Structure formats: structure tokens, C-alpha cells
Amino acid sequence: MLVITRKTDESLLIADSIEVTVLEISKDRVKLGVSAPKDITIIRYELITTQNANRESAVLSKNALNALLNTAKKQ
């Protein structure tokens, strides 16, 4: 992991096309602005982990439903 120190209104450039700017620094938050080409998807990390957890829950639910259906068929 690369660690970079930036002040408000300072930026960093990623791959010649993505600019990340520190917009505001408060007590427990940093507000960042991201400028990137429209073909690049930007998503908050916690949304990815939530999506993965939801997918895992859905798979478990399908498996549980199949087990219940198989049990019902046997009776």
C-alpha cells in the first residue's frame, strides 16, 4: 500500500487519467473528489463488501430452500 500525505486542495494522479483531490478535512472524515473518464467505474469499497455478503446470503438461502424442498418431498 502506498501512503501519501496531502493537504486540502492537493491532488494525486493515478494512471494519467484519474485525479483524486482532498476537498475537506474534518475531525474524523476526509472528503475526496475523484475525476476520472466516464468509462471507469468508481465504487465505495463498503458497497462491494455488502454486495458480496448479499450474494453469499442469497446462495445460502437457495441452499436452505432446496434442503427444505427435498425434506418435504421425502415425507
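**Salt bridges and their surroundings**

Tutor: Lys31 is partly exposed, with a relative accessibility of 47%. Here, buried means under 20% relative accessible area, exposed means over 50%, and partly exposed lies in between (1.4 Å probe, protein chains only). The model is predicted: local features need pLDDT of at least 70, side-chain atom pairs need 80 or more, and totals for chains, interfaces and linings use all residues. Numbering runs from 1 along each chain as its sequence is written, and side-chain values use heavy atoms, without hydrogens or water.

Stay with Lys31. Its side chain meets that of Glu24 in a salt bridge, at 3.9 Å from N to O. The rule asks for a side-chain nitrogen of Lys or Arg within 4 Å of a carboxyl oxygen of Asp or Glu. Glu24 is partly exposed too, at 41%.

How many salt bridges does this rule give? The count is 3. Another one joins Glu10 and Arg6, with 3.8 Å between N and O. Glu10 counts as partly exposed because its relative accessible area is 28%. Arg6 is partly exposed as well, at 34%.

Then take Glu46 and Arg44. Their side chains meet at 2.6 Å, N to O. Glu46 has a relative accessibility of 41%, so it counts as partly exposed.

Ile43, Tyr45, Leu47 and Ile48 form a nonpolar patch on the surface. Together they have about 370 Å² of accessible area (Shrake-Rupley method, 1.4 Å probe). Patch residues have over 30% relative accessible area and no salt bridge; nonpolar side chains are joined within 5 Å, like charges within 9 Å. Look at Tyr45 in this patch. Its relative accessible area is 62%, so Tyr45 counts as exposed. Tyr45 is found in helix α1, residues 45–74. A helix here is a DSSP run (H or I) of at least four residues, and a strand is an E run of at least two.

Ile14, Ile18, Val20, Leu32 and Val34 line the largest pocket. Two elements give two or more residues to this lining: β2 (18–25) and β3 (30–35). A pocket is an open set of points on a 1 Å grid where a 1.4 Å probe fits, with protein on both sides within 12 Å along at least five of seven lines; lining residues have an atom within 4 Å of a point. The lining divides into 5 nonpolar residues, no polar and no charged.

How values were computed:
Ala, Val, Leu, Ile, Met, Phe, Trp, Tyr, Cys and Pro count as nonpolar, Asp, Glu, Lys and Arg as charged, and the others, Gly among them, as polar.
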